[in-house]
Amino acid sequence: MTAPATGPVRRRLTVHGTVQGVGFRPYVHRLAAQSGLAGFVGNTGDGVLIEVEGPAEEVDRFCDLLAHRPPPLAAVTRVAHEDLPATGTGGPFAIRSTERAGGRTQLPPDTATCADCLRELADPDDRRHRHPFLTCTHCGPRFTIATGMPYDRVATTMAGFPMCPDCAREYGDPADRRFHAQPVACPGCGPRLTLSGPGVRPARDADALAAARALLAAGRIVAVKGLGGYHLACDATDPGAVATLRDRKERGGKAFAVMCADLAVVESLAVLTDAERAALTGPRRPIVLVRRRATSADGPRPADQVCPGSPHLGVMLPYTPVHTLLFGLPGDPPGPRALVMTSGNRSGEPIVTDDAEALTRLAGLADAWLAHDRPIAVPCDDSLLRVRPDGSEQVLRRSRGYVPRPLRLPVAVRSALAVGGDLKNAPCLGEGDLAWFGPHIGDMGDLATLDAAGRAADHLSRLTNVTPRLVAADRHPGYHSGGWARRRAGTRLPLRLVQHHHAHIASAMAEHGLDGTTPVIGVAFDGTGYGDDGTVWGGEILLADYTGYRRFAHLTPAPLPGGDAGVANPCRLALARLWAAGLPWTADLPSVTACTQPELDLLKRQLDRQVACVPTSSMGRLFDAVASLTGVCHRAGYEAQAALELEAAALEARDADAVAYPFGLAGGATLACDPAPMLRALLADRRRRTPAPVLAARFHRGVARAVTEICRRARGATGLGTVALTGGVFANALLEESCSALLWADGFTVLRHGEVPPNDGGLALGQLMVAATAPHHETE
């Protein structure tokens, strides 16, 4: 009998996923060299191409390690194998230059400075000691410097910085941590820092950082250029500095995010769980909402003006060398250990990325500008999340650290661009089984924001090599995003308009991998969404899949006096709710005393005559109304202020008792959830001088029980057992936890958002799924 052949074998592997810009080729080179294999590795427009040749067992081992133990920032989604005839040529394993043919690969997000780079930053003997742009293949900017694909230096904003001989040697050495790290630079060849401002002595590099730190310590406001745009920074412990920044930015009472020098500073401000520590210190470095200490431990204490009226504090850790150096290395003159770091923009405008624009658009906001000469290819704001008690994360703003990481879709979609909504806008591009969110754009209220959205969509299209053949948008006829979508579609592309709450539910379904063959009970609670009847929806329970929906239940409508303009006045919303419920406006009600007599007279006439009073079933507006009726908030200076303060109050008394205010349920094919019984019970408790936190907790409990009862009835009518909780109201942690617990106890499967925001930041994914899975004749 002839023995089996024992000669070399050759195999071609095509690796798909996030495999460029993450040190994948040097990793493959080292792995092959350790195994004594011949062949090559190279980037292509579709991923990484590898050919290996050697003993069969070594080739098999190489392939297994490649798929299951990739570099830290890589995400391998698929490896295609093809056996080839062995060539027998042998020789060292080679790294080939990038092929520039079409195809698609995946670019990693921007990543926080790694531990190795931080050690070099602080090492006086390292040639990159104190280098503000230190990076390697395991960390640093990717998305915000990429101008095209494949990801090579010529297709980044580093193209204008020729490498010095030392950097070029590292860049070309497969054994070096900076092999083909496209942003690689050093003090001799890299970007440069500058400090400028009225009355500020110009400085560069280390002097610029030292002067900026001194300005911050003196209570000044400094515009700091980061990865995806400018921040406005000030000492978070200085009440005067924080108040000045709040006044200049016209921010009202909205909370500021705080960047802390290290985890010890965060621990002095908040009690952290292990999951929160992991989120704070991971490579994404988002802003994490944490429960602040009632009294700070040893260490800095943030000024009350940082987050007035909130038990939570949004904190993050430094994620660039500039941030680390701004806080100072050992031996540096002391500076603030906690900095307010808020987006560098005026209210309603997109974050500033251009240096010349920063000098004009941030004039009057900043006292000085700490800038650098590396261009930003696309704006990318900080991401924001909270960690649930079970350790899972709920992303509330998906941007830096997440974008442009793709989401795997449960069903294939046509190539399409979904533009999202007018609030918390983030576009989404999809094709096949992948979808890519663009960065958080913000509120689409002016031309600058619309232009930013257009640039972000174009940038995403270049990086993904997806050319949209369809545009999807919200049905609201007055949305700026819808007008932008119509102009973008023009006469060339079909435009599909998707109902707002249907999109929210489809977004939750897609995130959880549901293929849509079975509908879900979708609980979509938010502030506003254009309804099928032309009114404002927002308290909806829909039976939905990707192809359609049926309105099973909704909150009983009430007038919205003044339309969207009335949202800033929860006291008026409260009185409109009482009017709709047939309850009198008595002088002992806090909502009545919050209004002037002329205001009350005008509102009464407006409601009686139904002038500028669009009906709304919005759950968000009910939260606003209850916030006023409990005396918590009567005037809102920013979006969702009343609801946030009502949740904060409820958290104070969540365990005080088990009372839940009742809601009425009536109707036939479509149930109406009537808050009138809840309002009567709340007002009775109020007159018994029940504390506001107890009222707020009982209201939250009542909403959760009403949701559970409606879902129970929907299951009885349809047999459906999966509930999706979605919409901006479910950013309310207490409500989401209460609803989930009751639904789980009743045997339901509950879909909660994780990486995709529940608010309008996740809307575009649902639009994409509804529009791009529909038959071609259904597009408009």
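Helix α17 (residues 619-629) and helix α20 (residues 692-718) have axes that come within 11 Å of each other and cross at roughly 155°. On terms: axes are lines fitted to C-alpha atoms, for helices over the stretch in contact, and angles run from 0 to 180 degrees between N-to-C directions. Helices (H or I, at least four residues) and strands (E, at least two) are DSSP runs, numbered from the N terminus. α17 and α20 are therefore roughly antiparallel to each other. The cut-offs are under 35 degrees for roughly parallel, over 145 for roughly antiparallel, 65 to 115 for roughly perpendicular, and oblique for the rest.

This is a predicted model, where local features need pLDDT of at least 70 and side-chain atom pairs count only at pLDDT 80 or more, while totals for chains, interfaces and linings use all residues. Residues are numbered from 1 along each chain as its sequence is written, and side-chain values use heavy atoms, with hydrogens and water left out.

Back to the pair. α17 passes α20 in a right-handed crossing; a crossing is right-handed if the near helix is turned clockwise from the far one by less than a right angle, and left-handed if anticlockwise. Met619, Leu622, Phe623 and Val626 of α17 make the contact with Phe699, His700 and Val703 of α20, contact meaning heavy atoms within 4.5 Å. By class, that contact has 6 nonpolar, 1 polar and no charged residues. Here Ala, Val, Leu, Ile, Met, Phe, Trp, Tyr, Cys and Pro count as nonpolar, Asp, Glu, Lys and Arg as charged, and the others, Gly among them, as polar.

Next, α14 and α16. The axes of helix α14 (residues 570-581) and helix α16 (residues 597-609) come within 11 Å and cross at roughly 45°. That makes α14 oblique to α16. Their crossing is right-handed. On the α14 side we have Arg572, Leu575, Ala576 and Trp579, which meet Glu599, Leu600, Leu603, Leu607 and Asp608 in α16. The contact of α14 with α16 divides into 6 nonpolar, no polar and 3 charged residues.

Helix α11 (residues 447-464) packs on helix α12 (residues 480-489) at an angle of about 50°, with the axes 11 Å apart. That makes α11 oblique to α12. The crossing of α11 past α12 is right-handed. Leu450, Ala453, Gly454, Ala457 and Asp458 of α11 make the contact with His480, Trp484, Arg487 and Arg488 of α12. These residues divide into 4 nonpolar, 2 polar and 3 charged.

Staying with α12, which of its residues are buried? They are Ser481, Gly482, Gly483, Trp484, Ala485 and Ala489. Buried means under 20% relative accessible area, exposed over 50%, and partly exposed in between (1.4 Å probe, protein chains only). The buried residues of α12 pack against β17 (407-418), α11, β19 (471-474) and β20 (495-498). After α12 comes Gly490, with a positive phi near 55°.

His459 is buried, at a relative accessible area of 1%. Leaving aside neighbours within four places in sequence, His459 is in contact with Phe143, Ala146, Ala377 and Val378. From His459 to Ala489 is 30 residues in sequence and 17 Å in space, C-alpha to C-alpha.

Now the other end of the numbering, helix α1 (residues 24-34). It is mostly covered, with 8 of its 11 residues buried. Those are Phe24, Arg25, Pro26, Tyr27, Val28, His29, Leu31 and Ala32. They pack against β1 (9-18), β2 (38-44), β3 (47-54), α2 (56-68), β4 (75-84) and β5 (94-95). Gly36 follows α1, and its phi is positive, near 70°.

A loop residue next. Phe161 lies between α3 (115-122) and α4 (165-171), and at 11% relative accessibility it counts as buried. Not counting residues up to four places away in sequence, Phe161 touches Arg153, Cys189, Gly190, Pro191, Asp373, Arg374 and Pro375. Phe161 and Pro183 are 22 residues apart in sequence and 9.3 Å apart in space, C-alpha to C-alpha.

Last, cysteines. How many disulfides does a search of the whole structure find? The search finds 0, a disulfide being a pair of cysteine sulfur atoms within 2.5 Å.
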